Amino acid sequence: MELQTVDADSECPECFESVRLEAVMQHEIVQCAGCGIDLEVIELDPVSLELAPEEEEDWGE
Amino acid sequence: MRIGVLYSRVRPEEKLLFAELERRPADVELIDDRRVVLALGGRSALEPSFDFDVVFDRSISYSRALANLRVLADRGVATVNPACVIENCGDKVRTSSLLQAASVPTPATRVASTPEAALLAIEELGYPVVMKPTVGSWGRLVARINDRDAAEALLEHKSTLGSYQHSIFYLQRYVDKPERDIRAFVAGGRTLCAIYRRAPHWITNTARGASTENCPITPEIDDLCRRAARAVGGGLLAVDLVEDPEHGLLVLEVNHTMEFRNSVAPTGVDIPARMIDFVERVATVGWDEAHATEAA
């Protein structure tokens, strides 16, 4: 398996702050430093971010 | 060797596990569980191939994992962990019942089906009492009930606002622990390492900001962890223990899709590598033999 990761600059879809991404992979969860919201890396080429799915009641360990 | 990984989101744990898998010669396929369709009768082009030696489950959702892994179990696909272990750990009533049946020490626990019965059970346990949802994690919706007024209010709220899953009341004697609990990691019956989770708040969960430090594995911790792991069916597990001033070490719960991002550094143990070792062993020698070789 070869993991695909990218370094990129993107924008938070919630607060529009710039988000620096380092070695992220598809579907990775990152946090916006501007507003603190969880974002999901949807695509790598080009990089696109969406709000991460909201936590559900049965989520966990 | 072919390994499938079912995952929901790439958290720090998944990233560490994927990086470890990348270092191995295994043929690995990552499967986003949000897109999985299973065909029960007939064929579906939407269903991914599950032609793997083992499927490693990292689903974040209990219900999603259980549904997928039950079907895979019926098809004879080896999974880590298997559906039965997910079920045993994901439902606190089931976990407590299995721990009790295996004589693993746990705090006194009561299960009630109505608010009236729950109130009687709370009064019998004596205040404070902890009420937890039967399914849930990260300390969410866990409440400490200090007196009858709080008990009545909480039971009324839960009955009125809760979903059907909240119609079963899981109640536990409050353990006045020393501002810390213990999280131990077990693979195939072997205790890998443990951490103390420290917090001034009574909920000592790292998801709630508890700090971590290494906890040496004493013979007692090792014995309790092995017994707790065996009671729920084994596999890759995180066992939570509390130090009860009156009753000594007690097992609180067992987690089936463990998070370990804050535990590698303080313990010095490469937890993701040991997890993948176990997954590969299951793929190679099967579930039972993997436990026999690990626990030896």
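**An enclosed helix**

Author: Seven of the eight residues of helix α3 (residues 83-90) of chain B are buried, so this helix is largely enclosed by the rest of the structure. A residue is called buried if 20 or more other C-beta atoms lie within 10 Å of its own, exposed if 12 or fewer, and partly exposed in between, with C-beta atoms placed from the backbone. Helices (H or I, at least four residues) and strands (E, at least two) are DSSP runs, numbered from the N terminus.

Reader: What is the origin of the model, and how are its parts labelled?

Author: This is a predicted model, in which local features need pLDDT of at least 70 and side-chain atom pairs count only at pLDDT 80 or more, while totals for chains, interfaces and linings use all residues. Residues are numbered from 1 along each chain as its sequence is written, and chains are lettered from A and ligands numbered from 1 in the order in which they are written.

Reader: Which residues of α3(B) are buried?

Author: They are Ala83(B), Val85(B), Ile86(B), Glu87(B), Asn88(B), Cys89(B) and Gly90(B).

Reader: Against which elements do the buried residues of α3(B) pack?

Author: Two residues are in contact if their C-beta atoms, placed from the backbone, lie within 7 Å. The buried residues of α3(B) pack against α2 (62-74), α4 (92-101), α7 (219-232) and β13 (248-255) of chain B.

Reader: In what order do the strands of the sheet with β13 of chain B lie?

Author: Two strands pair if DSSP finds at least two bridges between them. In chain B, five strands in the order β11-β10-β9-β12-β13 make an open sheet with antiparallel pairing. Its edge strands are β11 (211-214) and β13 of chain B, each of which pairs on one side only. Within this sheet, neighbouring strands are turned by 30 degrees against each other on average, direction ignored. For such angles, axes are lines fitted to C-alpha atoms, for helices over the stretch in contact, and angles run from 0 to 180 degrees between N-to-C directions.

Reader: How many bridges pair β9 with β10 of chain B?

Author: Strand β9 (residues 180-187) and strand β10 (residues 190-198) of chain B pair in the antiparallel sense over eight bridges. Ala187(B) stands opposite Arg190(B) in β10(B).

Reader: How is chain B divided into domains?

Author: Domain bounds come from an automatic or database domain assignment. Chain B has domain 1 (2-84), domain 2 (108-173) and domain 3 (180-295). The centres of domain 2 and domain 3 of chain B, taken over C-alpha atoms, are separated by 27 Å. Four residues from domain 2 and five residues from domain 3 of chain B take part in their contact.

Reader: How many helices and strands are in chain A?

Author: Chain A has zero helices and five strands. Of its 61 residues, 21% are buried.

Reader: Which strands of chain A form an open sheet?

Author: Three strands do, in the order β3-β4-β5 (chain A), with antiparallel pairing. Since β3 (29-31) and β5 (47-51) of chain A stand at the edges with a single partner strand each, one side of each is left without a neighbour in the sheet. The twist averages 40 degrees from one strand to the next. β3(A) and strand β4 (residues 38-44) of chain A run antiparallel and are joined by three bridges, and Val30(A) stands opposite Leu39(A) in β4(A).

Reader: How many residues does the contact take from chain A and from chain B?

Author: It takes 15 residues from chain A and 23 residues from chain B.
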